[in-house]
Amino acid sequence: MFNALNSLITSGSGVNLLIIMIIVPALLALITIIIPKRSYFGRAILFLIATVVNLLFAISLFVGEEMTMLIPWADFGINLSLRVYDFSQFMVLAAACFAFLVALYSISFMRNKSYSGKFFFYYLITLALVNGALLANNLVVMLFFWEGLLVTLFGMTIIGNAKRPAVAMKALILNGVADLLLMFGIAITAMQAGTMAMDMIVDIPMEGLGIVGFVCMMLGAIGKAGSMPFHSWIPDAAEQAPLPFMAILPAALEKMLGIYLLVRVCLTFYDFTPGSTLSIVVMAIGAITLVLAVAMALIQKDMKKLLSYHAISQVGYMILGIGTALPVGIVGGIFHMINHVIYKCCLFLTAGSVEKQAGTTDLNKISGLGRFMPITAICFIIAALSISGVPPFNGFFSKELIFDAALESGVIFYIAAILGAFLTAASFLKLGHAAFFGPVKLPEDVREKDMMEAPGAMLLPMIVLAAFCIFFGVGNAIPLSIIQPLLGDALGGANFAGWPHSTVLVLISIGVLLLAVLNHYLGYRRTGEGIKAVDHIHYLPGLHQVYNCAEKHYFDPYNILMLLFKFISYLCFAIDRCINWIYDVLFVKTIQGATTAMKNFNSGSTSRYIAWMFTGMAFVLMMFILLL
Amino acid sequence: MQTVIMFICLAVMLIASVAAAMLWSRITAAMCLALTSVSLAVILFILHAPWAALFELSVCAGLVTVIFASTISMTREYRQPDGTPSEYHVRFAPLPFILILVGVVLVAVVLISGFDVNITATESTTAVDTFKEVFWNTRQADILGQIIIILAGAFAVAILFKESTKE
Amino acid sequence: MPAYFATSMYAFMGAPLLVILVLTLAGRKLAEKWALTVGYIVGIIQMLTSIIAIILLWQYNKASITFSQFWSIQANDGAAYFSADVFSLIALFCIGMVTFAAFYTAKTMIGKKAFQFTNLMMVMILGMNGLALVTDLFSLYVFLEITGVSSYVLISINRDNKGLEGGFKYLIMSAIASAFILVSLALIFINTGSLRYEDISAISSSWMELSNPILILVAFVFLICGFSIKSGLVPFHGWLPDAYQSAPAPVSIMLGGIVTKMVGVYAIIRIVSNLLVESDTVVNTCFMVLALMSIIYGAVAAAGQKDFKRLLGYSSISQIGYIILGVSTGNILGYIGAIFHFFNHATFKTTLFVNSAAVEQQTGLSDITKMGGLHKQMPITGTSNIIAFLSAVGIPPLAGFWSKLFIIIAVWQTNGAIIASIALVASIFTAVYFLRIQKNIFFGPVNEKFADIKEAVKGFKLTEIALSVITIGCGLLFPVLLLLLQAQGIV
Amino acid sequence: MSILNIAILITAALLILTGLYMLINTHNMIKIIIAIEIVVKAVTLILAFAGYVTGQYAVVEAFIITMIVIEVVVAVVAAGIAVNVYKNKGNMDVSELKKLKG
């Protein structure tokens with residue numbers, strides 16, 4: 001059926017499926033916004049239809065052949081060029097799946113929200129832009145869609161709380177910086193490669209400007225993915241932005257885009273080899289991100305915020321994996337990216353259900369919700385097990401691949417990864433225990449008898465995603481059979497499907513998990529509350545002060561940046577005052593003085609005039625004598 | 001002989017003009033100017049410009065002096081702009097010295113540099129052009145200009161010398 | 001070219017003479033009534049004739065129109081004939097334009113003296129036309145004096161203290177200038193034996209080989225001083241603001257618009273382009289330094305003025321500086337710029353003087369610090385003022401931009417970046433004092449005293465609009481004009 | 001006649017100097033006009049000399065005559081202005097003509 005659809009669209013009329021992928025969501029977004037506000041239902045249906053259509057097209061792309069379209073546009077090699085091949089087929093399909101599931105969820109979630117229309121609009125525009133960025137085959141075209149996402153990101157962050165645009169500004173600025181770096185990187189890359197067609201850029205040597213170009217592009221990519229140091233807007237946004245936004249953008253689509261570009265940069269654009277300095281740099285970024293972010297996640301008392309820190313920390317794993325430049329690491333990174341999107345989406349959706357039903361996600365106010373929302377709780381548990389890397393869920397398999405690569409690249413990275421795994425498990429034990437188990441505790445304005453399971457439209461995506469968690473774990477050969485060919489010859493015929501081949505590593509991982517459980521148990525025993533199970537780490541002498549500072553945003557790169565800007569702006573202000581003084585005081589006074597002098601010069605006396613005339617004559621004479 | 005007269009005339013011209021400058025009385029100054037004109041007329045005559053000499057004599061020595069005289073008679077000053085004669089003479093006392101100084105300097109410069117005026121006159125140029133032909137044939141624009149400026153003078157007199165009717 | 005065409009050029013000299021004759025014969029009453037009307041008709045005739053002449057020159061691809069003698073006793077090849085090339089015709093057009101503006105706005109300003117005013121104006125126009133047409137330095141001097149004499153009388157036509165003072169100062173300085181010019185002519189004559197333009201151009205390339213080279217140098221000094229006085233370059237400028245301020249409104253339109261430019265700038269351009277085409281860097285450097293001083297001095301001094309007309313006088317000093325700066329570069333671009341700026345200056349300075357007359361007439365004041373908010377009551381005057389001053393400052397779509405651009409490029413090419421940037425910076429000062437005018441007179445809160453003031457009468461409005469149209473039109477059609485100039489090879 | 005030539009030029013220079021000195025130092029309008037006339041005399045002298053040097057006597061004669069006519073007119077206008085100043089103010093002090101300044 002999809003083949004038929006594909007051939008129907010591509011043949012005859014000459015309209016290309018690739019461009020439809022971009023135009024159709026954008027067009028439907030425009031229609032969504034013009035539907036009257038009252039008919040929420042019509043809007044929602046159209047919104048859902050748009051994502052379904054997008055999914056259908058994505059499937060037909062997936063089953064179709066590799067294809068390219070090229071419309072000559074501006075000069076200098078900037079052409080409207082789109083291309084779909086195995087990697088982007090897969091990515092577009094994944095993006096479409098998540099978009100559909102989250103859309104289904106948000107229809108229910110967004111009911112009775114005043115900004116639902118805007119949300120749907122931005123959502124579809126985002127989808128179009130993501131499709132465009134994934135399909136683009138020209139650096140400038142990709143940059144166009146990439147920058148477009150900045151706008152929708154800003155829009156989606158701000159619609160929930162238009163009166164407090166600080167978070168939106170933060171998101172905009174941090175992403176803007178990252179995009180600026182990307183732009184710079186693209187310029188250098190295009191210069192080095194001599195072309196802007198992405199399929200023509202292969203293995204630029206890492207020397208001179210090439211290094212700058214790689215670093216810039218890499219930073220742009222991981223910035224989009226939400227890695228440190230471009231991460232700090234995500235936890236803030238988690239508190240304020242609508243939850244489906246968190247589920248779709250920072251948790252899913254942005255990760256996919258960022259990692260997609262990172263893979264392309266590392267795998268094809270640049271000659272990125274294992275053990276090189278840059279590889280270590282990338283891995284270091286990944287390791288730092290994963291440890292620091294998960295450490296922050298550990299102490300959060302808010303479900304959404306905790307999850308958002310995990311969203312950052314998991315990116316660290318992906319970057320670490322890809323940064324090793326080993327086939328196993330790259331496969332692991334990509335696989336982890338897919339897995340992460342699945343379970344993190346699922347987790348955010350469960351958080352959304354909790355928020356919808358209980359009215360808050362603050363762990364201090366809620367407890368024991370598993371009794372009222374069993375399906376949500378089960379989904380949560382599956383996803384949590386998955387993110388903690390418990391076999392046989394999907395997270396376990398991708399993490400094992402990354403551990404394998406990390407160990408091969410350096411013990412320190414492996415230790416960081418293991419530490420991350422420990423903290424992840426500990427924080428999810430805490431979260432699950434606090435939110436869904438233990439004694440029932442509800443916010444004051446929610447009565448116990450009103451509490452019930454989330455509506456079906458919200459449950460369905462969760463269930464599907466939880467199922468995928470299990471399916472991709474048990475049947476990991478299926479996703480890996482798609483991912484592994486991406487590496488082509490670099491893979492060297494290896495197959496990472498099935499049970500991890502290194503039993504030692506698996507045992508260590510399981511040991512770490514058991515340690516986490518033990519830690520939780522001890523903490524729980526000490527305090528008697530699930531939420532305080534990790535307090536002994538939180539209030540560890542020395543660590544405590546660091547945490548305090550971090551909670552106060554002292555380490556926030558955004559704040560440091562802003563401080564710097566403040567300083568610069570103060571400097572500019574001082575310079576401006578100085579210039580102003582020159583104009584307002586010095587200039588005026590000088591001119592006034594000069595004018596007064598010249599007024600005296602013309603005193604009205606004829607003899608004076610004649611005397612000046614003689615001066616002039618003497619001057620001319622002097623000139624003649626001097627110059628001849 | 002002509003040379004001697006020339007020198008005498010130049011000297012008279014210079015002295016008369018210095019006198020015109022230095023004398024306090026306006027009417028005497030005008031007379032000195034007339035004397036300057038007369039000696040200039042003689043010089044012009046010697047320098048082969050008889051018509052110009054005639055004009056100089058009649059117009060500058062005659063008409064202009066009359067204009068000065070009538071203007072002076074029209075304007076009797078109760079308060080002298082230049083102050084008393086002694087003040088005036090003090091102001092003009094440096095003039096002869098300046099003139100002598102400049103004259104000496106100029107003569108010295110001429111003597112040192114050996115400057116001389118090269119005469120380019122030839123017999124042919126003097127023979128062909130008579131004054132009448134030249135004036136009426138080649139200076140027509142100037143004649144037109146003369147007519148216009150006399151018109152302008154007439155209008156100026158009509159405006160400036162008209163008795164103002166007191167409103 | 002048709003033979004009768006050259007004869008028709010007598011219009012330039014004949015029409016004003018005819019007007020004088022007719023007005024004198026017509027009788028006082030009739031003459032008083034029609035004098036001003038006849039005056040601006042002369043202006044229109046002159047504009048039309050010069051435009052037609054330019055077009056015909058272009059048509060027949062000739063450099064100039066020459067005149068035979070007025071009367072012919074015996075043909076003589078040394079005859080002092082008249083000749084009109086494109087530059088002359090541009091100058092003649094400007095004269096016609098300013099004449100038109102002066103007469104068209106004079107009605108309310110000149111009152112009972114219309115007859116005498118018209119007669120003297122005709123003499124002045126004759127003088128300037130003669131200046132534009134002559135081909136002989138001595139004739140140039142003659143017409144210089146005609147223009148001068150008539151301007152002294154016109155300035156003091158009201159016989160009030162101010163006018164007499166301005167007229168007398170102008171007269172004295174101008175008489176000295178004439179004497180200087182004549183000295184230099186005599187010294188040039190000693191060397192060349194003739195004062196016709198084509199004969200004296202011989203001294204340009206090789207003055208060292210002349211019979212008396214030292215005297216030529218002295219002549220250059222006197223020449224520069226004489227014409228600098230006539231055109232009001234700093235520090236020879238003392239008389240200029242006084243004369244401009246004291247003259248009655250139509251006369252100051254004439255003075256500011258064209259007279260100073262004709263007796264000073266036109267003559268300098270003529271002499272420099274004939275006498276010193278590719279020669280003396282000394283003369284050019286002298287003019288350049290004087291021009292720079294004028295540009296800066298005029299602009300800075302104008303910034304502190306209170307009297308509208310006096311301010312415009314200083315502004316004229318500055319703008320004349322630009323023209324002379326263009327001339328002093330000695331290259332083609334500079335000449336084009338100078339000539340075009342000559343034209344532009346005539347246009348926008350006339351507009352500004354007309355505006356000053358309009359404002360003075362409506363408010364009875366010429367002190368700009370006492371006015372305010374007149375733009376609402378006098379929108380046409382205010383708008384034309386804006387256009388004129390933008391053109392003077394050199395804002396792109398307007399005519400003034402092109403000429404200044406050319407001048408500055410030419411200066412850059414010949415004298416380097418520093419001098420060009422000085423000229424550019426002075427341009428900012430131009431903006432400063434013009435903005436000051438605009439702010440003080442037309443913008444800001446309405447002064448209660450002037451609450452019931454109306455727009456100036458029809459004559460002013462029409463003139464302002466016409467001149468603004470010329471300013472904008474020339475700016476937009478500049479390439480066409482440039483082509484025309486180049487086709488003539490005049491510059 | 002070489003000495004004479006130079007004598008004429010030097011005399012002319014000194015005459016101009018005299019005239020200009022007088023122009024600056026006197027406040028009387030009539031004397032100012034006389035000063036200008038003295039300068040004009042010097043110019044006439046130089047012009048005549050120019051004719052003599054080049055042998056173009058006739059041309060220079062025409063120049064001088066035209067110039068004399070012009071200078072008379074200028075003198076008349078100057079005198080006219082002076083008379084009017086006298087009528088308005090009661091004296092002819094040029095140093096009091098200082099209203100226009102700045």
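Colleague: How many residues of chain A are in contact with chain D?
Modeller: In this predicted model, nine residues of chain A are in contact with 10 residues of chain D.

Colleague: Which helix gives the most to that side of chain A?
Modeller: That is helix α23, residues 606-627 of chain A, which gives four residues to the side touching chain D.

Colleague: And how do the residues on that side divide into nonpolar, polar and charged?
Modeller: On the side of chain A that touches chain D, six residues are polar, two are nonpolar and one is charged.

Colleague: Changing topic to the backbone: which peptide bond in chain C is cis?
Modeller: The bond from V234(C) to P235(C) is cis, and its omega is near 0°. Most peptide bonds, by contrast, are trans.

Colleague: Where is P235(C) found?
Modeller: P235(C) lies in the loop of chain C between α11 (213-231) and α12 (239-246).

Colleague: What about phi of H48(B)?
Modeller: H48(B) is not a glycine, yet its phi is positive, near 60°. Most residues other than glycine have a negative phi. H48(B) sits in the loop between α2 (26-46) and α3 (50-74) of chain B.

Colleague: Is H48(B) buried or exposed, and why?
Modeller: H48(B) is buried, because 20 other C-beta atoms lie within 10 Å, and the cut-off for buried is 20 or more.

Colleague: And R159(C), what is its phi, and where is its place?
Modeller: The phi of R159(C) is also a positive value, near 55°. R159(C) is placed in the loop between α7 (137-155) and α8 (161-192) of chain C.

Colleague: Why does R159(C) count as partly exposed?
Modeller: R159(C) counts as partly exposed because it has 19 C-beta neighbours inside 10 Å, whereas a buried residue needs 20 or more.

Conventions. Residues are numbered from 1 along each chain as its sequence is written. Chains are lettered from A and ligands numbered from 1 in the order in which they are written. This is a predicted model: local features need pLDDT of at least 70, side-chain atom pairs count only at pLDDT 80 or more; totals for chains, interfaces and linings use all residues. Two residues are in contact if their C-beta atoms, placed from the backbone, lie within 7 Å. Helices (H or I, at least four residues) and strands (E, at least two) are DSSP runs, numbered from the N terminus. Ala, Val, Leu, Ile, Met, Phe, Trp, Tyr, Cys and Pro count as nonpolar, Asp, Glu, Lys and Arg as charged, and the others, Gly among them, as polar. A residue is buried if 20 or more other C-beta atoms lie within 10 Å of its own, exposed if 12 or fewer, and partly exposed in between; C-beta atoms are placed from the backbone.
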